[in-house]
Amino acid sequence: RIPGVLTRGAEGRPGSSTAIQIRNLGTPLFVIDGIPKDEGQFNNIDANDIESITVLKDASAAAVYGVRAANGVVLVTTKKGTRGQENRINIRTYSGWQNMFRFPRPSDAATYVRAQIESDMNLNGWTNWTPEELAKWEAGTENGYRGFDWYDFAVRENAPQQYLSVSTTGGSDRLNYYVSLARLNQQATFLKGYVFDRSNIQANVDAQISARLKVGAQINGRIEKRENPGNPGFDDYWMVLFGTYRNRPTERPYANDNPRYPAATSHGASNHATLNHDISGFWESTWRVQQTNLSAEYQLPLQGLTATGRYSYYLADNVENTSEYTYDLYTYDEATDTYRVTGGNQNPYRDRWNRKVEENFFQLQLNYDRSFGPHGVSADLAFEANERFEPRYWFRSQPTTNHLELVNFNELKAFTDQED
């Protein structure tokens with residue numbers, strides 16, 4: 001706990017990030033091993049690779065970073081090993097389960113019907129519901145009057161989460177190193193198919209070349225993948241939670257309780273029976289990120305004066321694929337013992353988003369730090385240059401079949417190409 005620092009997890013979806021604010025301002029600047037990066041890079045460092053985190057809240061302490069430090073600075077240092085230390089191998093692993101915490105449950109069918117009756121009477125003075133119907137819903141035994149608990153249908157107890165980390169560290173009299181591999185898998189606390197996977201690699205090496213010169217190299221990378229069914233609407237994850245309240249407890253997910261026929265409910269798009277890969281489609285997003293840092297530190301002949309140079313190359317590639325299938329929803333006709341198509345999605349959707357981010361970062365710094373008896377003098381002079389290249393494209397098509405993920409030219413409906 002740090003005074004003035006607020007951390008907040010806005011949501012519980014797999015792979016979600018933690019937002020950090022300093023004194024209730026906006027997103028701070030993150031400096032990881034001396035290189036300014038964004039919040040996404042910070043949130044996806046493997047926690048066991050971090051040696052220390054320092055928060056700069058005062059303007060004087062963060063002045064060297066300029067206007068970028070207006071919301072504060074978070075300094076992150078990754079592990080680098082210790083000189084003269086024998087090689088050590090560390091293995092960390094855990095398996096856990098996640099459950100919904102303090103998530104309101106919707107009403108049952110009888111409560112819903114009573115509330116509808118009270119609402120009708122208060123608003124109109126009359127209602128279409130009869131006392132006999134209310135009694136049947138309260139009993140819940142007659143066919144057609146059995147309520148359904150959408151919360152129990154959608155929410156999943158004991159959703160699994162696994163983590164594994166293997167690292168090695170050590171050093172000689174002139175060299176120290178740290179290398180690690182980590183893997184995280186997390187699943188959502190409702191309906192299967194909502195998954196987050198991340199693999200991390202971190203390699204840090206520092207070497208004392210001479211009495212005055214020290215060099216270092218750091219390589220980090222990750223592959224992170226998010227996937228879930230291609231549900232209708234903008235946010236596929238939110239649709240499941242929304243459906244928990246939107247679906248009426250007087251309706252059931254399958255026509256005649258037959259799992260081969262998803263029911264045409266009053267809000268078919270949020271019927272949990274369709275929110276899976278087989279019926280609604282898929283959405284997946286994959287990030288491949290690599291960063292290489294090179295540094296050199298030289299003690300100049302003037303006592304207390306140090307020159308430091310850093311270069312960083314960052315390359316990230318993001319591919320998102322969405323495919324929303326067509327499907328039918330059914331109503332059961334008891335008189336003829338048949339299932340009629342009375343709804344569904346007949347608007348197929350397919351899109352792909354591809355973005356690349358390439359950055360070159362240069363930094364030169366002179367630092368003077370010397371004590372004279374009870375007094376001390378400290379000064380910094382720094383120069384930075386950053387080059388960023390971000391091309392991206394997006395296209396959308398209307399496929400003629402659910403069974404072919406390839407996109408044909410004649411099915412294209414939109415295409416955009418951008419560059420920053």
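Predicted model: local features only at pLDDT ≥ 70, side-chain atom pairs only at ≥ 80, totals over all residues.
Let's start with the whole chain. The protein chain contains seven helices and 19 strands. Its radius of gyration is 29 Å, well over the 22 Å that the globule rule gives for 420 residues, so the chain is more spread out than a compact globule. Along the principal axes, the C-alpha atoms fill a box of roughly 95 × 55 × 45 Å. Of the 420 residues, 39% are buried. Among contacts with a separation of 6 or more, 67% are between residues 24 or more positions apart.

Now to the charged side chains. The structure holds 19 salt bridges. One of them pairs Glu384 with Arg68, with the closest N and O atoms 2.8 Å apart. Glu384 sits in strand β17 and Arg68 in the loop between α2 and β6, so this pair ties together parts that are 316 residues apart in sequence. Glu384 is partly exposed at 25% relative accessible area, and Arg68 is partly exposed at 39%.

Another salt bridge joins Arg146 and Asp257 at 3.2 Å, N to O. Here the link runs from the loop between α4 and α5 to the loop between α6 and α7, and the two residues are 111 residues apart.

Finally, look towards the end of the chain, where Arg392 and Asp420 form a salt bridge at 2.9 Å. Arg392 belongs to strand β18, while Asp420 lies in the segment after β19. Arg392 counts as buried at 15% relative accessibility, whereas Asp420 counts as exposed at 55%. Both belong to one network of salt bridges with shared partners, which also includes Lys37, Arg355, Glu359, Arg388 and Glu390.

Technical notes
Residues numbered from 1 in each chain as written. Heavy atoms only, no water. Helix = DSSP H or I, 4+ residues; strand = E, 2+ residues; numbered from the N terminus. Rg over C-alpha atoms; globule rule 2.2 N^0.38 Å. Buried < 20%, exposed > 50% of the residue type's maximum accessible area, 1.4 Å probe, protein only. Contact = heavy atoms within 4.5 Å. Salt bridge = Lys/Arg side-chain N within 4 Å of Asp/Glu carboxyl O.
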